[in-house]
Structures are given as C-alpha cells and as structure tokens.
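Have a look at the sequence and the model before reading on.

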Amino acid sequence: MTSEQQEVFEPPAEIIDDAWVKDWKAIEAEATADPRAYWEARANELEWSAPWEKVLDESGAPFYKWFTGARTNIVTNAVDRHLRTARRNKLALIWVGEDTSRVRTFSYFALNREIDRWANILLAMGVEKGDIVTIYLPRIPEIVFAMLACAKIGAIHSVIFAGYSAEALNARIDDSESKLVITADGSWVNGKVFPLKDIVDDAVKFSPSVENVVVVRNTRSDVSMDTVRDHWFEDLIKLPIAKGHCETVQVDSEDPLFILYTSGSTGKPKAILHTHGGYQVGTYTTLKYSFDIKESDRWWCTADPGWVTGHSYLVYGPLLNGATVFMSEGSPTYPYPDVFWQLVEYYGISALYTAPTAIRTLMRFGDAWVNRHDLSSLRLLGSVGEPINPEAWRWFHHVVGKDRCPIIDTWWQTETGMFQITTVPTMPQKPGSAGRPVFGQEAAILDEAGHEVPDGTEGFLVLKNPWPAMMRTLYKDPDRYVSTYWEKYPGVYLTGDAAKRDEDGYIWVIGRTDDVIKVSGHRLGTAEVESALASHPAVAEAAAIGLPHEVKGNAIHCAVILNQGYEPSKELEESLRQHVAETLSPIAKPDGFDFPEKLPKTRSGKIMRRVLRARALGQDEGDLSTLENE
Ligand code: 6R9
C-alpha cells in the first residue's frame with residue numbers, strides 16, 4: 001500500500017451532528033449480523049398496499065426475490081405519498097436547458113399532474129401492464145414524466161441513451177418488441193441540434209413491433225411526421241383523454257419496473273431487469289444514507305437518465321426521499337467551463353453527484369473558473385462511473401468543496417441497481433478508495449481458484465449477500481444471467497471488476513477484468529466497437545481495447561486489418577471514427593488506430609487483447625504460449 005493510499009479525510013463535525021447515520025460502526029455491525037432485518041426495517045419506511053410474506057426468498061437462487069407477496073408501486077412512494085403532506089407544494093424538479101435562460105420548475109403537485117397526463121395518454125394508446133415502452137429522450141423533464149408514467153400503470157420502461165445510433169436503437173427496440181417509442185424532435189448538444197426524430201425514423205423503419213411514436217417538441221427543428229404512426233405530444237395533451245387523475249396501479253413487489261440495456265463481453269447488449277419492490281427500497285435507502293439526503297436538499301446528479309445512474313439517482317432515489325431534483329440539459333463546459341459552478345451558485349445546490357471524467361475536464365480549466373462563484377450551498381459531493389484518481393479527488397475536495405464537503409465515491413453497476421461500495425458522510429474518506437460495502441453487504445476479493453486473497457493483493461471483486469435492488473435476470477436470457485454472474489464462483493455475485501482491500505476494510509477498485517471499457521464513465525463493450533468497425537468497407541477485421549487516458553479514464557484504441565486496396569491514412573482513420581459514431585454512438589469514437597499485418601490470436605481464434613494492450617503501452621507481452629502465430 002503506498003502512502004497516497006493511506007491518506008485519510010475525517011468527516012467535518014457539522015456533518016456528523018445532523019446526519020441520518022451517526023454511529024456507522026454500530027449500524028454496519030447490526031446490518032451485517034442480520035441483513036434481512038436491516039432491509040425489512042428500511043422497507044417499513046415506505047408504503048405498501050399489501051405486506052410481504054418473506055423479506056427474501058432464496059428458493060430459486062440466483063433468481064432471488066425480495067418482499068414477496070407485497071403490493072406496491074414505486075410511484076406511490078416517489079410521488080403519491082408526498083402529495084398527502086406539505087411536500088405537495090415544494091419543488092420536486094428544477095430543470096435548466098443548455099441555454100440556461102430556459103428554466104422549468106415543478107412542485108410535487110405539478111409533477112404528479114404531468115405524470116397523470118402522460119399515463120392517461122399511454123393508456124389511451126393501448127399500453128398495458130407488462131408492455132415495454134422505449135424512451136429515447138434527451139435530458140428534459142419529459143423523460144422523468146414518461147418513465148414515471150410507465151411505472152404508474154405497470155408498464156416497463158426501456159430508456160435508450162439519446163446518443164445511440166439508429167442501428168443500436170433498432171436492435172434494442174426489436175429485442176424488447178416495444179409497440180411505443182417516445183422521443184423528441186431533437187436535443188441540444190453544445191449549441192447544435194442532434195436529430196433524434198430522424199434517428200428514430202431510421203430505427204423503426206424495420207421494427208415490426210412499433211405501432212406509435214410520440215414526439216416531444218424540444219428543439220423546434222423540422223422533422224417528418226408519419227400521419228398514422230407519429231403523434232406530437234403537444235397535440236395529444238389537448239385531447240380530453242389526457243385530462244384527469246390516473247390511478248397508480250398496485251403491482252406485485254417482483255413485477256418489472258424497467259429494463260436497461262448495457263454492454264457486456266459480446267456484441268449483443270444485455271437487458272438488465274429491475275423490479276418495483278426491492279429497487280425502491282435499495283435506491284431510497286442508499287441515497288438517504290450515503291448522501292445523507294433530506295427533503296431540504298437540492299440534489300444534482302449530472303448523469304443522463306439513459307444510464308443507470310440517471311435511473312436510480314436522478315429520477316427514483318431523490319424523489320423517493322422527497323428531495324428537490326435539479327436537472328440540467330447541458331454539458332459541463334458549454335458554453336463556458338464554469339456553467340456547473342454558476343448553476344450550483346444560482347440554484348443553491350446542496351449535493352452534487354458527478355463523474356471523475358467531468359471533474360478532470362473541469363480541473364484542467366483551472367481554479368479561477370470555480371473561484372469566481374460562491375459554492376457555500378454545497379454540503380456533499382459525489383463521484384461515480386470509474387475509479388477517481390486521488391489528484392482529481394483532492395481538487396474536487398479542496399477547490400470545489402473548500403475542504404468542508406465529504407466526497408462520496410460510489411461503486412456500483414447497472415446490474416446492482418444501487419450503491420454497493422461507498423462511504424456515508426460520517427465515515428473517514430480515502431481518496432481513490434470507493435469505501436466499504438453498503439450496510440447489509442459483504443464483499444470479498446478472490447483469486448482465480450476462489451480463495452480470498454490477503455489484504456493489499458489484487459483479485460476478483462465479488463459480492464456475498466443478495467440485496468434488494470439487484471437485477472432479477474437478463475430479460476429473455478436467464479441462462480446468460482447465471483453464466484455471467486453466478487457461475488465462476490457459485491453462491492457469490494461476480495462483479496467483473498478487479499480490486500484490492502486494505503487493512504481497514506476499504507476497497508480500492510482497479511477496473512474491469514472483462515471486455516467492458518468505461519470511456520468518460522460510459523460503459524461500452526469492445527465487441528460492439530469491433531462490430532461497428534467491421535461494417536466499414538475498408539475493414540477486414542478489428543480489435544478494440546481500452547487504454548488509459550488522462551481525462552476520459554480510458555480511451556478506445558483499435559487494431560484494424562484493412563481489406564486489400566486500402567492504405568492507412570489520417571483520412572481513413574477519420575472515416576472509421578465517423579463510421580463508429582454513426583453505427584454505434586459518438587461516445588464510442590475510437591481515439592487511436594494501429595494497422596498491423598495480423599491480430600494476435602489464440603489457437604482457437606480468440607483475439608488476445610491483453611497482448612495488444614501490452615504492445616500499445618510498450619509493456620512486456622507476458623505469456624505468449626497460446627498465441628497461434630508465434
Ligand atoms: C454506476 C455505473 C459499472 C462499472 C463497474 C466499474 C465502474 C462504477 C465506480 C466504478 C470505480 C467507482 N465503476 N463506479 N469503478 N469506482 N465509483 O457506472 O454503472 O455503467 O453499469 O458501469 O463501472 O468498473 O463495474 P455501469
């Protein structure tokens with residue numbers, strides 16, 4: 001362990017006095033001794049219309065079930081119950097456009113009104129309980145309304161990040177057999193319009209399931225509308241069917257709430273499935289305890305609702321806690337590198353949850369951009385998506401948090417639904433370590449054979465206990481659920497990450513051990529990038545790897561074998577980059593290219609990415625005994 005890893009920041013006194021979790025050691029010990037009792041007590045803080053028979057049903061493990069037999073709806077807890085209290089008139093959502101003069105605010109009363117209108121329209125369009133609705137919307141209030149409206153009527157939302165290409169969108173719509181797609185005319189990206197509706201048009205051209213497309217007017221750009229299939233939302237809400245109250249249907253605790261596609265080791269994205277009952281308990285509790293969230297907080301999670309962080313901690317977690325959600329359409333540096341700080345100051349943000357890549361980007365612009373703003377409203381800072389390097393941690397702590405705000409680094413995954421390794425504000429923090437397993441969870445670091453490694457040694461990170469917001473399965477692919485997460489070490493959950501534990505029980509996450517790359521916090525699979533490249537006419541074969549990058553954490557680097565007649569050139573690289581942006585997403589654009597004669601492969605034909613990585617970094621190539629062409 002280096003001295004850097006031993007650096008410890010003690011919690012400030014004013015945080016402890018007022019915190020939900022004061023004596024964390026006692027709660028941790030109690031929850032570890034009896035996780036079910038811990039989770040049952042948390043669940044009792046929420047409303048259920050019928051009680052559970054069992055807190056946890058392990059009979060079908062690893063298909064765990066939580067709060068079985070109970071009836072509830074996450075919308076009852078995130079919205080409806082607040083309407084019966086004084087929270088009815090407090091702000092639920094403050095939204096600011098990329099053009100920060102566009103501002104829209106909604107009290108809990110108004111949020112409920114909007115959800116009701118959306119839900120009434122969904123019902124009128126024939127959406128039924130259990131149907132999957134695809135949502136392809138930018139960071140605007142309507143994405144929140146549409147998600148909650150689906151949940152309210154028992155439909156399942158499938159949000160696709162509004163930066164994916166038509167091809168990627170089409171694959172996800174077809175896999176889920178959605179009948180309805182909700183989109184917007186376009187989104188604002190650094191002052192330019194990204195043409196969402198055009199992309200949807202291309203995507204649904206060959207999707208037999210899609211009957212209706214609802215379009216929200218956002219950028220006011222010209223789009224073509226199919227007279228039968230496409231409907232402007234602003235026309236639909238004028239119809240009598242949109243008016244009036246819509247009842248929140250009570251569903252089974254284990255009924256699906258959403259699916260969310262995420263990248264894995266193969267080219268085919270996996271649809272992670274989450275349910276109402278356990279997910280609401282998990283996201284409510286972890287946000288409350290780890291960020292000490294109170295209803296007086298103005299909570300800003302900068303993630304996009306297209307990713308799990310947006311689902312759990314922009315939409316559901318803060319509303320379940322009755323907090324005020326702040327949502328911004330824009331990026332951290334547009335139009336100026338102090339737009340974040342300007343918004344924190346102007347709106348009095350009390351907790352800011354963002355990604356290391358954003359912190360590193362802003363850090364490079366220098367302290368002056370931060371220092372011209374009064375950030376005294378902040379009391380907590382958070383980080384997610386990839387390991388935060390101690391240098392960025394310290395900058396965030398000192399320059400942004402003025403040494404007063406604990407930094408809550410949160411390690412978790414689309415699959416876990418909620419934080420798994422983090423700190424609560426009253427725990428000591430160590431820059432670069434995500435912290436400790438959340439209350440009720442135990443983690444272990446295993447070697448290849450499944451033995452726990454000594455403290456300080458790197459190994460495979462696993463989670464030992466089931467938790468309420470865990471994914472229930474991979475939609476349509478239960479076998480892959482078992483084989484990916486539960487087979488390597490029976491009885492424990494394989495995270496796919498490498499990590500070390502120190503002598504205080506703090507976990508230091510190193511990164512993925514599989515073919516997943518986190519680029520600027522976005523999760524991508526090497527296979528997806530490779531298959532996008534392979535459809536370019538110049539490409540015979542391609543291999544993608546992640547290489548360390550100062551700002552993005554990882555950058556995509558590709559080794560490409562060209563078809564005959566093509567020569568490496570800067571123009572060709574640009575054309576390949578553009579092709580990946582168009583066939584997968586602009587977030588997946590490769591940074592660098594190599595054009596070798598051959599790709600290193602095993603005798604069974606598998607690309608040895610480890611060797612490519614070592615070559616690119618000028619490191620020792622390691623054991624090459626399985627290399628085919630050696
Ligand atoms: C929430 C989210 C999951 C992967 C995960 C890990 C990496 C996320 C992290 C972190 C170190 C953190 N990751 N948070 N690594 N410290 N605080 O990002 O979900 O997109 O599914 O990615 O992200 O490698 O396995 P998802």
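This is a predicted model: local features need pLDDT of at least 70, side-chain atom pairs count only at pLDDT 80 or more; totals for chains, interfaces and linings use all residues.

**Cavities**

The count comes to 5 cavities of 30 Å³ or more. The largest cavity has 14 lining residues, and Y38, Y289, S290, V438 and F439 are the closest to its centre. Helix 3 (35–43), helix 10 (276–290) and strand 22 (436–437) each give two or more residues to that lining, with helix 10 providing the largest share at 4 residues.

For the second largest cavity, the lining includes G97, E98, T100, S328 and G330. Helix 12 (residues 339–347) gives the most here, namely 3 residues. By class, this lining has 4 nonpolar, 5 polar and 1 charged residues.

**The second largest pocket**

Moving on to an open space, the second largest pocket is lined by 20 residues, and S265, T484, T513, D514 and D515 lie nearest its centre. Helix 16 (478–485) and strand 26 (493–501) each supply at least two residues of the lining. As for class, you get 4 nonpolar, 8 polar and 8 charged residues.

Here are the volumes side by side:

| Space | Volume |
|---|---|
| Largest cavity | about 90 Å³ |
| Second largest cavity | about 50 Å³ |
| Second largest pocket | about 410 Å³ |

**Around the ligand**

There are 17 residues around the ligand, and T410, T414, D497, K518 and R523 come nearest.

How much of the ligand's accessible area does the protein cover? On its own the ligand has 530 Å², and the protein covers 96% of that. Helix 11 (308–320), strand 20 (407–410) and strand 27 (507–512) are the elements that give two or more residues to the shell. That shell has 6 nonpolar, 5 polar and 6 charged residues.

**An annotated stretch**

Finally, an unreviewed UniProt entry lists residues 27–78 as "domain: Acetyl-coenzyme A synthetase N-terminal". In the model, the span is 40% helix and 19% strand, and its end C-alpha atoms lie 25 Å apart.

How values were computed: Residues are numbered from 1 along each chain as its sequence is written. Side-chain values use heavy atoms; hydrogens and water are left out. UniProt positions are given in the numbering used here, feature names are shortened, and annotations may be inferred rather than shown by experiment. On a 1 Å grid over the protein atoms alone, a cavity is a set of points where a 1.4 Å probe fits but cannot get out, and a pocket is an open set with protein on both sides within 12 Å along at least five of seven lines; lining residues have an atom within 4 Å of a point. Grid points are joined across faces, edges and corners, and a volume is the space filled by probe spheres set on the points. Ala, Val, Leu, Ile, Met, Phe, Trp, Tyr, Cys and Pro count as nonpolar, Asp, Glu, Lys and Arg as charged, and the others, Gly among them, as polar. A residue is near a molecule or strand if one of its heavy atoms lies within 4 Å of it. Accessible areas come from the Shrake-Rupley method with a 1.4 Å probe; for residues, only the protein chains shown count as cover.
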